[in-house]
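Trainee: I would like to learn how to read a model like this one. Please show me the structure, and we can go through its features.

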Amino acid sequence: MLGALNVGRRANDFASLGVVLCCQGLLIVFIVGVMLSFQVKTIDVIGSLYFADSLALAGLLGAALAYCFAQIFPTSSMAKGYFLGVVGLLYLLRALTDITHPTWSAFNPLAWLYLNRPFTENKSLYLLGLFFLAVGLTVVGFYLANHRDLQASYLPTPKGKATANALLLSVSGWLHHVNGLLILSWYVGDLVLGAAYGSIYGQIDTFISSNHILKQMFAQNQQNILDAFTAMIMVVLAALSLILPLLLIQRLANEEKKQRLAQLLALPISRSHLYWVNTFWVILYGSIGLIIGGFALASAAYFSLGKVHLAIIQHILIATFHQLPLMLFFIDAMSLCFGWLPQLSGVVYGYLGYSFVLAYFQSLLHLPKWLVKTSAFHFLANYPLHAIRWLPSLLVGLLGLSFIFIGWLGFSKRNLR
């Protein structure tokens, strides 16, 4: 209806692009303001602008890529899935090239985020590359949009099966059917990423000394470089593994938004049964993904280091299981939002990203301790760099369990959307 008015066919597209530009502009102002408020000598205005601009341009590049996929694929779920797949593939390729052929990283757009080297060299070339690539993808997206019919796509909608699968006779089977491809692809990503990082343990000194940013990040832990590297990689693996269960809960919320849960609950299936079955599988899927990444990291590290450093392998496995209470906390926080206000699920994603940035860049940016303590990754000890604190781990797990029950009460009583 809006397209039929005197606003043009691409009015919605330009409006969405305008919102993205405004959000990234506000993000630049916010990041620069926060970083300058630390009043650290090494964090100057120019470096803060380069750092903030790289993050904002990454957002614009992601929006442009998603816009192109929205024109090609027939459903939003397919466009989102392929978008996440491409981004994940670029991330894995960046991790591999950083380890084996660092010069090849210059051809990966995700590597341009740090190759501009904010606060040290402040290279503008990679920022310009991000900008022109985002503009080019946006132009391609508009071209594709102008040459397709309204509510059509370049790829046809896949036809469903004539008869339903036997798995669909149960709630568990339905959840496996809906999420199977996403889960499998995510496990492959966990496996490859863990193996890629584990393979460099044998040449960790060379790897860190060849990267100026990594040298800054590990400057305070030269005596325990393997433990410090393990602690940092576990943050990366935990954050990656956490996204999968959050996406699975979000998918159930999307099914409700599309009014499909009403059809399911019209059968002899209670809301409590649906909620608890989904929660069980989400926790199990998330835990398996984290364990796969941890075991891949430990296995690759074992072949890289040999039997001489068996203690490091043990530390990796303990650190993997040590992240499970944190995973339970985020899963249950998302379940709490789903039970009461599914619209607030973005808050959980935002806090996960916020916690990851603080935990990953605390040494590089010399962040104040009070700010680092607001990260969820600070709730647990930074093992194996520091000893495990069992009481905080227990409290985080119990807090997560309370979130589950509160979310169940909300889902049992509220109206479906």
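Trainee: How many salt bridges does the structure hold?

Mentor: A salt bridge here is a side-chain nitrogen of Lys or Arg within 4 Å of a carboxyl oxygen of Asp or Glu. The structure holds 3 salt bridges. Some ground rules for reading them. This is a predicted model, where local features need pLDDT of at least 70, side-chain atom pairs count only at pLDDT 80 or more, and totals for chains, interfaces and linings use all residues. Residues are numbered from 1 along each chain as its sequence is written, and side-chain values use heavy atoms, with hydrogens and water left out.

Trainee: Which residues are linked in a network of salt bridges?

Mentor: R117, E121 and K123. R117 meets E121 at 3.8 Å, N to O. E121 also forms a salt bridge with K123, with the closest N and O atoms 3.3 Å apart.

Trainee: Is R117 buried or exposed?

Mentor: Start with the cut-offs: buried means under 20% relative accessible area, exposed over 50%, and partly exposed in between, using a 1.4 Å probe and protein chains only. R117 is buried because its relative accessible area is 19%. E121 has 46%, so E121 is partly exposed. K123, at 32%, also counts as partly exposed.

Trainee: Which side chains meet in a salt bridge at 2.6 Å?

Mentor: Those of E256 and R414, N to O. This pair links distant parts of the chain, 158 residues apart: E256 sits in helix α9 (residues 225–257), R414 in the segment after α16. Helices are DSSP runs of H or I with at least four residues, numbered from the N terminus. E256 and R414 are both buried.

Trainee: How far apart are the end C-alpha atoms of helix α1?

Mentor: First the rule: the expected span is 1.5 Å times one less than the number of residues. Helix α1 covers residues 11–37, so its 27 residues should span 39 Å; the end C-alpha atoms are 39 Å apart, which agrees. Its buried residues are D13, Q24, I31, V32 and M35. Just after α1, Q39 takes a positive phi of about 55°.

Trainee: Which residues form a nonpolar patch on the surface?

Mentor: A patch takes residues with over 30% relative accessible area and no salt bridge; nonpolar side chains (Val, Leu, Ile, Met, Phe, Trp, Tyr) are joined within 5 Å, like charges within 9 Å. Here W340, L341, L344, V347, I406 and L409 form one, with about 550 Å² of accessible area together. Such areas come from the Shrake-Rupley method with a 1.4 Å probe, and for residues only the protein chains shown count as cover. I406 lies in helix α16 (residues 390–413). At 38% relative accessibility, I406 is partly exposed.

Definitions and conventions: Helices (H or I, at least four residues) and strands (E, at least two) are DSSP runs, numbered from the N terminus.
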